[in-house]
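Welcome! Please take a moment to look over the sequence and the model before reading on.

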Amino acid sequence: GRKVVVTGAASGIGSSVAGLLRRRGDEVIGVDLHDVEVVADLSAPEGRRAAADAVLRRTGGVVDAVVACAGTAAPTEATITVNYFGVVDLLDALRPALARADLPRAAVISSIASIQVTDAAVVAACAEWDEERAVALAAKVSADGHGYRLYGSSKLALARWVRRTCLTPGWAGTGIPLNAVAPGVVVTPMTESLLATEEGRELADRAVPMPLNGHAPPEAVAHTLIWLVGPENTHVTGQVVFVDGGADATLRGEDA
Ligand code: NAD
């Protein structure tokens, strides 16, 4: 089996990825706040470093794949630190361990929200890998009552990071595919309270229309992630694969 690091493995999509991989005989090293092999808080640089160190110790410094699922939809700075810096810092720290594997791959989770409401200044600070500025800007956006813009911002910044980073010597040049999935509405603890009321469901369906099969179970996203980090994927890189029941096709039309 391969050694696969799955962040956010305690819940939702990450838990589904971890379960499916284990059933196939892979060794999963889960990273999350609780109930996993490596307990770490990815919102802060120290937590990311501790997580990477613990992973390297457990794996002997060779990691076959990383699937970064940890995330939050809180309308606060945490959404920027976990969803963007928590992902890029950890992948940066684990890239040398990926480079030692035979068929290394990585995948992250963006969102349909990346094409919706965002804040340009926050996204720019993320692109410049300036966490302090991004956090200060996010705190201001949140204090001004626009915290709902932060989730899409974190996911747009992440999608752009994938497009840029996949081409660099450390990734394409080292034979490592790097991709993202962009889910629509997935039925997990993250969306539980939203989908619990008629009003919430209507709000979700207006923002994210899913003509194909409606709200997705976590497995729908997990299977795509697993293919992207599997040995069969030799030439797909830099893609943001919308696993969204047709929401992107609905919202952006045929010229996207
Ligand atoms: P979830 O809440 O079920 O799982 C998220 C996991 O991330 C949890 O186990 C949580 O403990 C972990 N996490 C949060 N903050 C962390 C931190 N600071 N350090 C370490 N771990 C942390 O949510 P989910 O729906 O499975 O979401 C998985 C990913 O998919 C997220 O990145 C989310 O943004 C993305 N996503 C979800 C949906 C959806 O509709 N559910 C849609 C688009 C994208």
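Residues are numbered from 1 along each chain as its sequence is written. The model is predicted, and local features need pLDDT of at least 70, side-chain atom pairs count only at pLDDT 80 or more, while totals for chains, interfaces and linings use all residues.

Seven strands in the order 3-2-1-4-5-6-7 make up an open sheet with parallel pairing. Strand 3 (38-39) and strand 7 (240-243) are at the edges with a single partner strand each, so one side of each has no neighbour in the sheet. Strands here are DSSP E runs of at least two residues, helices are H or I runs of at least four, and both are numbered from the N terminus. Two strands pair if DSSP finds at least two bridges between them. Strand 1 (residues 3-7) and strand 2 (residues 27-32) share five bridges in the parallel sense, and Thr7 has Val31 in strand 2 as its bridge partner.

| Helix | Strands touched | Angle |
|---|---|---|
| Helix 9 (residues 218-228) | strand 4, strand 5, strand 6 (178-183), strand 7 | about 170° with strand 6 |

Contact means C-beta atoms, placed from the backbone, within 7 Å. Angles run from 0 to 180 degrees between N-to-C directions of axes fitted to C-alpha atoms, for helices over the stretch in contact.

Of the 26 residues around the ligand (C-beta atom, placed from the backbone, within 6 Å), Gly8, Ser11, Gly12, Gly71 and Thr188 come nearest. Helix 1 and helix 3 (78-99) are the elements giving two or more residues to this shell, and helix 1 gives the most, three.

Definitions and conventions: Two residues are in contact if their C-beta atoms, placed from the backbone, lie within 7 Å.
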